[in-house]
Amino acid sequence: MPVSFTSQGLPVWRRRTTRAQWLQYIAWLAGVSLFLLCWKMISDNTMWVFVEDAGRQGADLISRMTPPEWGYANVLWKPMWDTLNIATLGTALGIVMAFPVAFLAARNTTPHPLIRSAALMVIVSSRSINSLIWAMLLVTILGPGVLAGIIAIALRSIGFVGKLLYEAIEEIHPTPVEAISATGASRMQVMNYGVLPQIMPAFAGISVYRWDINIRESTVLGLVGAGGIGLQLNASINSLAWDQVSVIFIMIFATVLVSEWISARVRHAII
Amino acid sequence: MSEQLEAPLTQMKAQARQQAAQRGEWRRLPLIESARLRWGLAIGAVIYLFLALASVEVNWARVSEGAGRAVNFLGAFMQPDFISRYDDIVAGLLESLTMTLTSTVLGVLLAIPVGLGAARNISPLPIYFVCRAIIAVSRTFQEIIIAILFVVMFGFGPFAGMITLAFATIGFMAKLLAEDIEDLDWRQVEAVRATGASWWQTMNHAVQPQVMPRLIGLSMYRLDINFRESSVIGIVGAGGIGATLNTSLSRYEYDTSAAILLIIIAIVLLCEYSSSHVRRWTQ
């Protein structure tokens, strides 16, 4: 225990040793300097004139957004349906692709370590690229539309579902697997009767969770042309029709709340 | 009452299953127990799929035209071009990284008071509701939607991006921090309080040591998320590598886009690796 002595020779308790204390000071100094350096770079690239009148701009924005132009909601039902389709079909497609990838990536079910690292590579690259970037790529390849959105969501979901699912596979009980292999079952049969029943609840939970996230993400995919309500959002922003934008925001807010509620209910029922 | 009834019922079901198995009619347990719900969900899914697929319009001519571009793009991944737009890439990356760091620091600093306020066991009810409302607003909207609003308010550039990411960080960190505080070991708080400690001293010596490892781990995780997000909010003008990527894609310079994507993947991998290292070290 770090103890120092007063001039009378009495021991005094301290939280850290002298060395640890100094190291801590130096770490703080380095961290704060790094932060200030970054702050300076941002501040150099900022037009402070625009920041100074942010309050006025914000008030102006709010005054333009209210009252919402409720009539515009009638135009939005079809884009909203498209958005839901992008999220749901994208999730379904993503799950279908993630399922085999997860089995290849889990340490206890992979056929070969080399295949495992390839599967992990797929998962990592899918996870590190945002669905909006996937959508940008796919819009240039497939052309604007719902299809690009569906595939973008699917590609992004592979990494998420794959990662959580392979972690679930690695955490299964080995006993049922051993019991079924002992009956002389083939590799596929062991997967089917030993592994699959153990991961099914986790799998359903992960899928619903990802669906909920995808609903949020699909609302903005239209900003890069990949269909859904984001297209209308982009159009309204470009024409500075802020009263329409607020209607869109309210619809997005409501949809996200409902999807979150459904996902929470389903996950609660499973667990 | 219902629990008492259920126990013999499940026992009866188990016996029925065993008898069926002895007759050679074994079937595995379904995931959803109620047959009506199971079939209802399946039929609903089929009807939905039919309706949804019917409403998806695909321009196959455009898709086949794009196939050539897809091949070009895959080819570009084999030969990424880091050189010809070197300056733009470096400037964009620096902007993204500085935005990531400052926004995480600001966001975490602001999230701590909000998180303390949103923990039901240490804050009074009015403060609890205010803090929960802040969390709900910050979590519902996508970063990019918030970025649109902040770009209008603060002008184009990394400042708007930083504010956006900091705002999103508040909701994320405060929610997880509040949950962590809500299930902390209450005996330590009582022990510190029993010595006559003030509110600040209780926080500092009873609450903080318990949540600190997780707080550091979450901050590292959020740093990672903020970098990923900073690579897209450039699309709406909030600075960072996203703007460079968007420009290169619309100029059909796929080799530059491939280079940027590879850099993003590499940095995310590095972040993930170091954050798992830091988490192991703090726990």
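UniProt, in an unreviewed entry, places "domain: ABC transmembrane type-1" at residues 80-263 of chain A. UniProt positions follow the numbering used here, feature names are shortened, and annotations may be inferred rather than shown by experiment. This is a predicted model, in which local features need pLDDT of at least 70 and side-chain atom pairs count only at pLDDT 80 or more, while totals for chains, interfaces and linings use all residues. Residues are numbered from 1 along each chain as its sequence is written, and chains are lettered from A and ligands numbered from 1 in the order in which they are written.

**Chain A**

- Residues 80-263 of chain A are 83% helix and 0% strand, with helices (H or I, at least four residues) and strands (E, at least two) taken as DSSP runs numbered from the N terminus.
- The end C-alpha atoms of this span of chain A lie 19 Å apart.
- Chain A is divided into domain 1 (3-65) and domain 2 (75-270); the bounds come from an automatic or database domain assignment.
- Taken over C-alpha atoms, the centres of domain 1 and domain 2 of chain A are separated by 38 Å.

**A:I213**

- Helix α9 of chain A, residues 187-218, contains A:I213.
- A:I213 counts as buried because 20 other C-beta atoms lie within 10 Å.
- The cut-offs are 20 or more other C-beta atoms within 10 Å for buried, 12 or fewer for exposed, and in between for partly exposed, with C-beta atoms placed from the backbone.
- A:I213 and A:R14 are 199 residues apart along the chain, and their C-alpha atoms are separated by 47 Å.

**Chain B annotations**

- An unreviewed UniProt entry gives "domain: ABC transmembrane type-1" at residues 93-275 of chain B.
- Over residues 93-275, chain B is 83% helix and 0% strand, and the end C-alpha atoms are 20 Å apart.
- The "transmembrane region" annotation from UniProt (unreviewed entry) covers residues 37-56, 97-117 and 256-273 of chain B.
- Residues 37-56 of chain B are 95% helix and 0% strand, with end C-alpha atoms 28 Å apart.
- Residues 97-117 of chain B are 100% helix and 0% strand, with end C-alpha atoms 30 Å apart.

**Interface**

- Contact (C-beta atoms, placed from the backbone, within 7 Å) links 47 residues of chain B with 46 residues of chain A.
- Helices of chain B that each supply at least two residues of the side touching chain A include α2 (35-55), α4 (86-117) and α11 (254-282).
- α4(B) gives the largest share of that side, seven residues.
- By class, the side of chain B that touches chain A has 30 nonpolar, eleven polar and six charged residues.
- Ala, Val, Leu, Ile, Met, Phe, Trp, Tyr, Cys and Pro count as nonpolar, Asp, Glu, Lys and Arg as charged, and the others, Gly among them, as polar.

Conventions: Contact = placed C-beta atoms within 7 Å.
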